[in-house]
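Here is my note on the model you sent. Please read it with the structure open beside you.

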Amino acid sequence: MEKAMENNYVLKEDKTVGSVQIADDVVAMIASLAATEIEGVSALVGNISNELMSKVGVRKLTKGVKVELCDRKVKVDLALSMEYGYNIPGTCSKVQDKVKSAIENMTGLQVVDVNIRIAGINMSKTK
């Protein structure tokens, strides 16, 4: 029996043993780590409040990631900063594949969308 809870999703429920729940922040963290493993991705970029909070020392690993969970299906929105000189469509395709694979393998949830917004280009490093 699957049911959504506040920022948690029940993956498995067994009356004799208990239940397994996953927080949407965990799914967002998996997406964040998978995306930054791709060569050419500089960083994930959060909204202005996340950026201001990081300036005062509060860091959140899931900045730049939005996750929606519904009926064992996941929709992921990423905001990325890329390194200068990398092919944007090719790199984004690799990110989409990596994020989808990581979430599905680690959680058993089905990823239906991985949407990417390029929010900046890092000019400090070149190929």
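Which residues does Val76 touch, not counting residues up to four places away in sequence? Point 3 takes this up.

1. **Basis.** This is a predicted model: local features need pLDDT of at least 70, side-chain atom pairs count only at pLDDT 80 or more, and totals for chains, interfaces and linings use all residues. Numbering runs from 1 along each chain as its sequence is written, and side-chain values use heavy atoms, with hydrogens and water left out.

2. **Overall build.** The chain has 3 helices and 7 strands. Both are DSSP runs numbered from the N terminus: helices are H or I with at least four residues, strands are E with at least two. From the N terminus the order is β-β-β-α-β-α-β-β-α-β. Of the 127 residues, 32% are buried. Buried means under 20% relative accessible area, exposed over 50%, and partly exposed in between, with a 1.4 Å probe and protein chains only. Among contacts with a separation of 6 or more, 64% join residues 24 or more positions apart. Contact means heavy atoms within 4.5 Å.

3. **Val76 and the core.** Val76 touches Ala31, Val65, Lys66, Val99, Ile103, Asp113, Val114 and Asn115, leaving out residues up to four places away in sequence. Val76 is also among the residues with the most contacts inside the largest nonpolar core, as are Val65, Val74, Leu78, Val95, Val99 and Ile103. That core has 25 residues. A nonpolar core is a set of buried Ala, Val, Leu, Ile, Met, Phe, Trp, Tyr and Cys residues joined through side-chain atoms within 4.5 Å. E2, H1, E4, E5 (65-70), E6, H3 and E7 each supply at least two of its residues. H1 gives the largest share, 6 residues. In soluble globular proteins, nonpolar side chains tend to be buried together.

4. **Helix H3, length and faces.** H3 covers residues 88-107, and its end C-alpha atoms are 28 Å apart. Thr91, Cys92, Val95, Val99, Ala102, Ile103 and Thr107 are buried in H3. Seen down the axis, these buried residues fall within an arc of 100 degrees, so they line one face of the helix. The arc is that of the directions from the helix axis to the C-beta atoms. The face turned away carries the exposed residues Pro89, Lys94, Asp97 and Asn105.

5. **Helix H3, packing and ends.** The buried residues of H3 pack against E2 (8-14), E3 (18-23), H1 (24-36), E4 (41-44), E6 and E7 (110-122). At the start of H3, a side-chain oxygen of Asn87 reaches to within 2.6 Å of the backbone nitrogen of Gly90. Just after H3, Gly108 has a positive phi of about 80 degrees.

6. **Thr91.** Where does Thr91 lie? Thr91 is in helix H3. Its relative accessibility is 7%, so Thr91 counts as buried. Leaving out residues up to four places away in sequence, Thr91 touches Ile38, Glu39, Gly40, Val41, Met82 and Tyr86. Thr91 and Ile38 are 53 residues apart along the chain, with C-alpha atoms separated by 7.5 Å.

7. Ser81 sits in strand E6 (residues 73-83). Ser81 is buried, at 11% relative accessible area. Beyond its neighbours within four places in sequence, Ser81 contacts residues including Val41, Ala43, Gly120 and Asn122. Asp25, in helix H1, is partly exposed at 41%.

Technical notes
Expected span 1.5 Å × (residues − 1). Polar contact = N/O pair within 3.5 Å; in protein donor to acceptor, adjacent residues only side chain to side chain.
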